[in-house]
Amino acid sequence: MADITRRLGWRHLRGAPTAHIRHHHGGKLLHDGPGLSFWFRALTAALSEVPVDDRELAMTFHARTSDFQDVSVQATVTYRIGDPALAAARMDFSIDPDTGVWRGAPLEQLGTLLTETAQQHALDVLARTPLSSALVDGVAAVRERVAAGLDAEPRLPATGIEVVAVRVMALRPEPEVERALRTPAREQIQQEADRATYERRAVAVERERAIAENELASQIELARREEQLVEQRGTNARREAEEHAAADAVRAEAEATRSVRLARAEAEGARAVGDAKAQAQAAWLQVHADVEVATLHALAGTRLAENLPHIDSLTISPDVLTGLLAKLGAREPE
């Protein structure tokens, strides 16, 4: 939309660089080009504004395949007006001199022309294609056919329109058909998922079994080593007991030998002492055998006196002394 300002009955138009302005006055073309800026009188001016930038036209239409299945096509056509003068002559791009707004709807007319032309070629190619092929290769086929059809359409160059690009974003069947087509693929995907789940579970079970076997093998090995340890401990204890027994036997034998030797020594000593005592006694007896009886009595008395307890004082009565002297006197004549 052109920018128009008012000044004392005059109007000033300032166009955009992407808008081609055509100014007629009295049937004569006074201004023609993009991005113009000029003064004009509203009552005598005829103004046209033709956009020359690239524009996107989105379109959605329905078609039917060769097997009578409805599909929807989503496409976008990029176009521009290559000949603004021709487009302004074929379509109404005139603008209001007071507001700068188009009097008609030229872009809608262009959109209708492009949409109907593209739809015609898309319907033609899909009508000869079954649904399965259309879903697989239909996007490329429709794009190529629509692009070729728009390039060959004579009305577009006659209107000054150039098609820059054609894009087909989607080609989809009806929701019920799409769900029906998705079912086998979903089932296959589900089967693959179930198979993967079963395989994962099988792998997990196998790993658990391997872990259990490893644990069991570890326990068996541990039990075997414990058995060996117990056996070794028993062997060590038995060997230690045997060694202790042998040591005790050696010690007992040594003690017995020592005791026997000690007993023999004691016996020898006792025998020697006895022999010595016997010999001394025999010698003593032999000595006393040749002594007179009175001397023996005197020695006996002396020995007796030696063995008697200590006597501080001894009182001898005359009767005892008299009898003793009598006995001694009686024995002397013998």
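**Exercise 1.** In this predicted model, find which residues Ser72 is in contact with, leaving aside its neighbours within four places in sequence.

*Solution.* Start with the location: Ser72 belongs to strand β8, residues 70–81. Next, set aside the neighbours within four places in sequence; the contacts of Ser72 are then Phe61, His62, Ala170, Leu171 and Arg172. Last, check the accessibility. Buried means under 20% relative accessible area. Ser72 has 17% relative accessibility, so Ser72 counts as buried.

**Exercise 2.** Classify the ring pair of Phe93 and Trp102.

*Solution.* A search of the whole structure gives two aromatic pairs. For Phe93 and Trp102, the ring centres are 6.2 Å apart and the planes stand at 70°, so this pair is edge-to-face. The cut-off used here is that planes over 60 degrees apart count as edge-to-face. Then compare accessibility: Phe93, at 1%, is buried, whereas Trp102, at 26%, is partly exposed.

**Exercise 3.** Describe how the side chains of strand β5 are arranged, and state how β5 is joined to β2.

*Solution.* In a regular strand, side chains alternate between the two faces of the sheet. Strand β5 covers residues 37–41. Phe38 and Phe40 point to one face and are buried. Now turn to the pairing: β2 (residues 10–14) and β5 run antiparallel and are joined by five bridges. His12 has Trp39 in β5 as its bridge partner.

**Exercise 4.** Over the face of which residue does Arg41 lie?

*Solution.* Arg41 lies over the face of Trp10, 5.1 Å from the ring centre.

Technical notes: Residues numbered from 1 in each chain as written. Predicted model: local features only at pLDDT ≥ 70, side-chain atom pairs only at ≥ 80, totals over all residues. Heavy atoms only, no water. Phe/Tyr/Trp six-rings, centres within 6.5 Å; stacked < 30°, edge-to-face > 60°. Buried < 20%, exposed > 50% of the residue type's maximum accessible area, 1.4 Å probe, protein only. Lys NZ or Arg CZ within 6 Å of the ring centre and 35° of its normal. Helix = DSSP H or I, 4+ residues; strand = E, 2+ residues; numbered from the N terminus. Contact = heavy atoms within 4.5 Å. Pairing = 2+ DSSP bridges.
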